[in-house]
Amino acid sequence: MSLSHKILRKPFFGRFEVPWVWPSNSEQSDWERVSFQSGNGAHLQGLWGAAASETEDAGNANATLVLAHPMGKAAKGFWLRYGHAELFRQGGFNVLVFDANGFGESQGKSFDYPADILAAGIWAQQRHPHLPVGLIGASFGAAWGLCSLAREGSPYQAAVLEAAFPTLPDFWKHYPVANAALRMSQVVWPSLERNLRPERQAALVKGNPSVLLIHGDADIYTPPHYGERLQRAFGTAAKTELMVLPGVDHTFAYRDAADAYRARVIPFLNEELR
């Protein structure tokens with residue numbers, strides 16, 4: 001990680017740059033450690049979990065899912081800790097969880113996080129070329145996952161994007177120091193924020209993917225009207241649906257509304273990843 005990048009990261013992600021700890025509720029033997037390189041040059045670390053129904057030749061898996069984590073110390077462990085990974089594996093999906101660059105066990109390199117998610121999808125597609133690939137993202141992972149859908153070579157046929165924000169200022173306004181740093185960057189490095197606007201990228205997504213947007217009405221960081229904005233921004237570039245869950249906080253749809261999440265997300269994936 002260059003010194004300039006390290007300094008710029010600090011106001012936004014400094015508190016999350018800690019040694020990664022394996023979630024206590026997940027067995028390490030259930031996962032295969034993998035690594036791959038992002039288009040931005042970062043070496044990324046991930047975990048591969050085969051579908052519970054998968055045979056040795058992967059013939060019984062429905063599809064492969066890439067899980068892009070929210071911002072936090074847990075990084076890829078978020079999906080293990082809160083049960084999403086197990087839900088999807090038991091549902092017949094292969095699962096790839098990974099750390100975005102600078103998080104968890106992955107090398108810090110760039111603010112181009114969509115490149116990380118694109119690289120994860122391409123790696124997953126190459127692992128089992130005969131299977132469709134879907135994306136699950138939460139907050140940070142959902143917003144940059146959306147942007148990755150607009151990149152050439154995106155393999156994602158469907159995406160479940162929970163708590164995505166339309167722009168960086170929409171999210172960081174809740175954090176005074178980081179918000180001040182963002183405003184300064186818009187002056188000294190205007191292309192950085194301009195090129196990382198999910199709301200702008202939505203109309204540019206490739207291949208007309210199916211997108212399920214999920215928001216909780218108790219979420220102050222990415223409230224439901226952000227989902228409405230993004231749905232409008234997609235226009236006809238994607239087939240979109242918006243699910244608003246009552247009483248659900250930021251990134252906790254599965255934790256706080258497991259039955260509703262399972263009942264909508266699994267059928268959506270089965271329908272769209274064929």
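How much accessible surface does the protein chain have, and what share of it belongs to carbon and sulfur atoms? In this predicted model, the accessible surface of the protein chain comes to about 11,300 Å², and 51% of that area belongs to carbon and sulfur atoms. Of the 274 residues in the chain, 58% count as buried, and the secondary structure comprises 12 helices and 8 strands. Among contacts in the chain with a separation of 6 or more, 76% are accounted for by residues 24 or more positions apart.

Strand S3, which spans residues 63-68, is mostly covered, with 6 of its 6 residues buried. In a regular strand, side chains alternate between the two faces of the sheet. Both faces of S3 are covered, with Ala63, Leu65 and Leu67 buried on one side and Thr64, Val66 and Ala68 buried on the other.

S3 runs parallel to strand S4 (residues 93-98), to which it is joined by 6 bridges, and it also pairs in the parallel sense with strand S5 (residues 133-138) over 5 bridges. Ala68 has Phe98 as its bridge partner in S4, while in S5 Ala68 stands opposite Gly137.

## Packing of helices H4 and H5

Helix H4 (residues 113-127) packs with helix H5 (residues 140-148) at an angle of about 75°, the axes being 8 Å apart; because of that angle, H4 is roughly perpendicular to H5. H4 contributes Tyr113, Pro114, Ile117 and Leu118 to the contact, and H5 contributes Phe140, Gly141, Trp144, Gly145, Cys147 and Ser148. The residues of this contact divide into 7 nonpolar and 3 polar, with no charged residue.

Technical notes: Residues numbered from 1 in each chain as written. Predicted model: local features only at pLDDT ≥ 70, side-chain atom pairs only at ≥ 80, totals over all residues. Heavy atoms only, no water. Axes fitted to C-alpha atoms, helices over the stretch in contact; angles between N-to-C directions. Helix = DSSP H or I, 4+ residues; strand = E, 2+ residues; numbered from the N terminus. Parallel < 35°, antiparallel > 145°, perpendicular 65-115°, else oblique. Contact = heavy atoms within 4.5 Å. Nonpolar A, V, L, I, M, F, W, Y, C, P; charged D, E, K, R; others polar. Buried < 20%, exposed > 50% of the residue type's maximum accessible area, 1.4 Å probe, protein only. Areas by Shrake-Rupley, 256 points an atom, 1.4 Å probe, with all protein chains shown as cover. Pairing = 2+ DSSP bridges.
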